[in-house]
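Please find below my note on the structure, arranged as numbered points.

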Amino acid sequence: MSQELHKEMIAILDFGAQYNQLIARRVRESKVYCKILPFDISLSKLISLNPKGIILSGSPASVTQKEAPFPHPEILNLGIPILGICYGMQVLAQLLDGEVTSISKREYGKADLIIDNDGELFYGMKSPLIVWMSHEDQISKPPTSFEIIAHTKNCPVAAMKDRKHRFYGVQFHPEVVHTPQGKKIIQNFLFRICKCIPNWTMSSFIDYSVERIREKVGNGKVVCALSGGVDSSVTAVLVNKAIGDRLECVFVNNGLLRKDEIEEVIVTFTCHFHLNLHYVDAENRFLNKLVGITDPERKRKIIGGEFIRIFWEEARKIGKIDFLAQGTLYPDVIESHSTKGGPSATIKSHHNVGGLPSNMPFKLLEPLKDLFKDEVRILGKKLGLPNTVVDRQPFPGPGLAVRIIGEITKERLRILRDADVIVAQEMQKYEKFSEIWQSFAVLLPIRSVGVMGDERTYEYTIVLRAVSSLDGMTANWVRIPYDILDKISRRIINEVRGVNRVVYDISSKPPSTIEWE
Ligand code: XMP
């Protein structure tokens, strides 16, 4: 059965729109496996993947431009159903004998869709449907073999179909939440048109993946850098399930972890999961290297470099190692081949600090590289990882170092740790805590005057940061209720020695970043 898992696949050809990962999310949520592929993938490669359907994505480009991205025209002759979304629909029109023209004013926002023919794509839906539009071109004449199946006030060809070839096009974006019935439209394409079977679940993924890991590793040995974060934890437990104690995990205490984190990681992975865990207490090594360092980039480089040295030393002690297991996720893989590059490419570069150089003498084992973050969380739960690990907020590789502005000392680490625990405890009581991407404390290097009892104080300031985000690329500051802010502030000032002021960061990303360094 597990060999069957990837047979039901949908190919999403990526023309560079910002919503492409959402298309993939909607397909995966419908329990169908899909891959985002470059728009100019060769015909033979595409055929070898044996897709049950093809989705042509949107794009910031215009099909009317000379340099516009186009897929191999023969994809129309493969006998595979196609759904073109926005630009993808215009690609269909342009490859056939339709016409696409620029509209004088870009249509952006919600529109009422009137269904003219409720065949397969709109099965079970009633007009008008609210849909999300975002386009500057539109189809002025559909290809001869197509019929119009929906329109809006401003867009006469809002959806079209060629029943004979099972080709469909929609001008709106069914993948975004602003098209409330969008997921149903995508599911109609998957199940009614492509006849997919919904068999992509995390339980089936475990069987599939365990088999693949065993095949790949054979009798070899695998090492994994375990940080206690979601991705490395799920990777370690999955690989352990496949090859047992031929997996060796290295957990480095860089002295920059949160309060109680070391004990939690050790207890979870040794007592509960019985992993081979090599714990390296390198606190002093890291902190000695960081003495006097205040520049954020230098901090990152020192921490990254030291981590690699320590990991190497430990790996050598273990003996011959064949594979290095890493928790690479699907979005990282997509970004590396995406047509757009975009801001994500630059933002991510500093995130690989904890990562390892590519010239290590191991082969890579990346069992999560087909998964999105929320799939990894479901997988982690299925593997028995506790919610405290699986639902963890992201934590940067350089740890608290990038949350201590200025020099890192043991005393300043103590202050930040004590404040951070209070933030975590109080934020967990917030009813919307699960919607928060990250919430944490930052320690500033400035001191200010306060008064405690009859005493004048001159102490540090803690910043409270809480943001909501989908992927860390953009973020909004969270409107935390005043009483929670008040409680956090009172507790930090009363309980944490060395702090007499708490402020709340109300900046969003961009132009700010989530972390302060
Ligand atoms: P910024 O601060 O760039 O952060 O808005 C975006 C997301 O990335 C995390 N982050 C890092 N993660 N190593 C990491 O592994 C890093 O050096 C690093 N810097 C930022 C940050 O916590 C947020 O989730």
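1. A polar contact is a pair of N or O atoms within 3.5 Å; within protein, one atom must be able to donate a hydrogen and the other to accept it, and residues adjacent in sequence count only if both atoms are side-chain atoms. On this rule, an N or O atom in the side chain of glutamate 515 is 2.5 Å from an oxygen atom of the ligand. A polar side-chain atom of lysine 509 lies 2.7 Å from a ligand oxygen atom, and a polar backbone atom of glycine 397 is 3.1 Å from an oxygen atom of the ligand.

2. On its own the ligand has 500 Å² of accessible area (Shrake-Rupley method, 1.4 Å probe), and the protein covers 90% of this.

3. The model is predicted: local features need pLDDT of at least 70, side-chain atom pairs count only at pLDDT 80 or more, and totals for chains, interfaces and linings use all residues. Residues are numbered from 1 along each chain as its sequence is written, and side-chain values use heavy atoms, with hydrogens and water left out.

4. The ligand is surrounded by 14 residues (a heavy atom within 4 Å); the closest are Arg300, Gln438, Lys509, Ile514 and Glu515. By class, the shell has five nonpolar residues (Ala, Val, Leu, Ile, Met, Phe, Trp, Tyr, Cys, Pro), three charged (Asp, Glu, Lys, Arg) and six polar (the others, Gly among them).

5. An automatic or database assignment sets the domain bounds: domain 1 (7-193), domain 2 (202-390) and domain 3 (402-504). Domain 2 and domain 3 each give at least three residues to the ligand shell.

6. The C-alpha centres of domain 2 and domain 3 lie 28 Å apart. Their contact (heavy atoms within 4.5 Å) takes 19 residues from domain 2 and 13 residues from domain 3. The area buried between them (accessible area lost on being put together, 1.4 Å probe, summed over both) is about 1300 Å², and carbon and sulfur atoms give 62% of it.

7. In domain 2, Lys259, Leu287 and Lys299 lose the most area to domain 3. Lysine 259 also forms a salt bridge (a side-chain nitrogen of Lys or Arg within 4 Å of a carboxyl oxygen of Asp or Glu) with aspartate 418, the closest N and O atoms being 2.8 Å apart.

Terms used: Buried area is the accessible area (1.4 Å probe) that two parts lose on being put together, summed over both.
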